[in-house]
Amino acid sequence: MLLQETGTPVRVVLSYYGLCFLLVLPLYRLDSFALAAIALSTALVFPQLRFLINGVMDKGMAHPLVTLLISGAYPAVTWIPFMIAGMAVARLNLTEMITRQWLATAGIALAVFGYGGSALALHYVPGVAQTITAQGGKVGDLWWSDAGGFNSWMAFGDEAVWLWVASPHSETTFSILGNTGVALLVLAMSLAVSDTRLRVLTAPIATVGSMSLTAYVLHIGGIWVLQPGSSSLYLLGFLLAISAFAMLWRRAFGRGPLEALMGGAANLSRWVP
């Protein structure tokens with residue numbers, strides 16, 4: 001919330017993550033199969049539930065909890081499936097080749113179903129293309145590109161056609177399935193690369209990944225101070241600077257600074273029965 005108050009154009013995701021972490025705590029002890037089943041179920045149900053709630057909710061209602069849970073940029077109700085899917089993957093033995101192959105296969109299947117299913121629906125489900133076009137949308141973009149943008153479902157009012165879209169931040173079932181599929185495929189490929197000599201080249205990426213919270217906060221801090229706009233040179237500068245910082249910090253101190261702080265707070269849970 002403090003980062004959001006900096007006034008940067010970044011829609012800060014951390015508060016939404018925090019709520020998601022709390023909501024998934026009851027699932028912590030479940031195995032990978034149960035978690036995968038719950039992730040799939042929530043992906044299939046929650047976007048439709050959110051659509052129905054938004055349809056009857058007072059548009060002027062701006063309670064912080066409602067924003068974090070339902071109506072905000074990263075509503076917890078439609079981001080929980082990603083987190084539960086990640087919990088399921090974390091239960092697997094990722095050192096086994098067969099596990100990585102299954103991850104890649106599942107990733108391809110989900111991506112094809114999510115993005116391919118959306119593309120077919122947008123073109124062939126009766127009335128969908130006409131409604132989207134009438135509202136100023138471009139059917140050819142809404143299954144893959146960022147043409148929709150944050151909360152762009154509002155442009156369609158109560159039109160249920162938005163549920164067929166898979167574009168980024170559309171918060172639909174197709175979007176969740178497609179994005180999860182890409183994530184699983186990237187994970188499988190990254191694990192494969194980690195077993196080759198290319199891991200030397202990917203070391204900076206892995207190091208930044210080990211302190212992603214610190215990198216995220218520093219990234220927003222850099223945008224706040226420099227106000228870089230959309231320059232690709234500034235982006236390259238951010239990437240090089242945070243990679244160098246992470247490598248040096250990891251060598252000198254180990255765990256990232258904010259990761260160490262959060263880890264210390266999380267260790268208090270050992271006193272909970």
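Tutor: Let's start with a charge on a ring: Arg91 sits over the face of Tyr28, 5.7 Å from the ring centre. A charge counts as over a ring when NZ of Lys or CZ of Arg is within 6 Å of the ring centre and within 35 degrees of the ring normal. Before going on, keep in mind that this is a predicted model: local features need pLDDT of at least 70, side-chain atom pairs count only at pLDDT 80 or more, and totals for chains, interfaces and linings use all residues. Residues are numbered from 1 along each chain as its sequence is written, and side-chain values use heavy atoms, with hydrogens and water left out.

Now the rings themselves. A pair of aromatic rings is described by the distance of the centres and the angle of the planes. The structure has 8 aromatic pairs, where rings of Phe, Tyr and Trp (its six-membered ring) pair if their centres lie within 6.5 Å, and planes under 30 degrees apart are stacked, over 60 edge-to-face and the rest tilted. One of the pairs is Tyr74 with Trp79: the ring centres are 5.1 Å apart and the planes are at 80°, so this pair is edge-to-face. Tyr74 and Trp79 are both buried (under 20% relative accessible area, while exposed is over 50% and partly exposed in between, with a 1.4 Å probe and protein chains only). Tyr74 and Trp79 also belong to one aromatic cluster that includes Tyr16 and Phe82.

What about the fold around them? The chain has 11 helices and 0 strands, where helices (H or I, at least four residues) and strands (E, at least two) are DSSP runs, numbered from the N terminus. The pattern along the sequence is α-α-α-α-α-α-α-α-α-α-α. Of the 273 residues, 36% count as buried. Among contacts in the chain with a separation of 6 or more, 70% come from residues 24 or more positions apart; a contact means heavy atoms within 4.5 Å.

Ala34 and Ala88 are 54 residues apart along the chain, with their C-alpha atoms separated by 7.9 Å. Ile38 is in helix 2 too, and is partly exposed at 26% relative accessibility. From Ile38 to Ala88 there are 50 residues along the chain and 9.5 Å between the C-alpha atoms. Leaving aside residues up to four places away in sequence, Ile38 touches Leu27, Leu30 and Ile84.

Next, a helix-helix contact. Two packed helices are described by the angle between their axes and the distance between the axes. For helix 2 (residues 32-56) and helix 7 (residues 173-193), the axes come within 8 Å and cross at roughly 150°. Axes here are lines fitted to C-alpha atoms, for helices over the stretch in contact, with angles from 0 to 180 degrees between N-to-C directions. Helix 2 and helix 7 are therefore roughly antiparallel (over 145 degrees; under 35 is roughly parallel, 65 to 115 roughly perpendicular, and the rest oblique). Helix 2 brings Leu40, Ala43, Leu44, Pro47 and Gln48 to the contact, and helix 7 brings Thr173, Ile176 and Leu177. These residues divide into 6 nonpolar, 2 polar and no charged; Ala, Val, Leu, Ile, Met, Phe, Trp, Tyr, Cys and Pro count as nonpolar, Asp, Glu, Lys and Arg as charged, and the others, Gly among them, as polar.

The loop leading up to helix 7 deserves a look as well. Most residues other than glycine have a negative phi, and most peptide bonds are trans. His169, in the loop between helix 6 (128-134) and helix 7, has a positive phi near 65° without being a glycine. His169 is partly exposed, with a relative accessible area of 22%. Glu171, in the loop between helix 6 and helix 7, is not a glycine either and has a positive phi of about 60°. Glu171 is buried, at 6% relative accessibility. Ser167 is placed in the loop between helix 6 and helix 7 and is buried at 0%. Ser167 and Ser118 are 49 residues apart in sequence and 9.0 Å apart, C-alpha to C-alpha.
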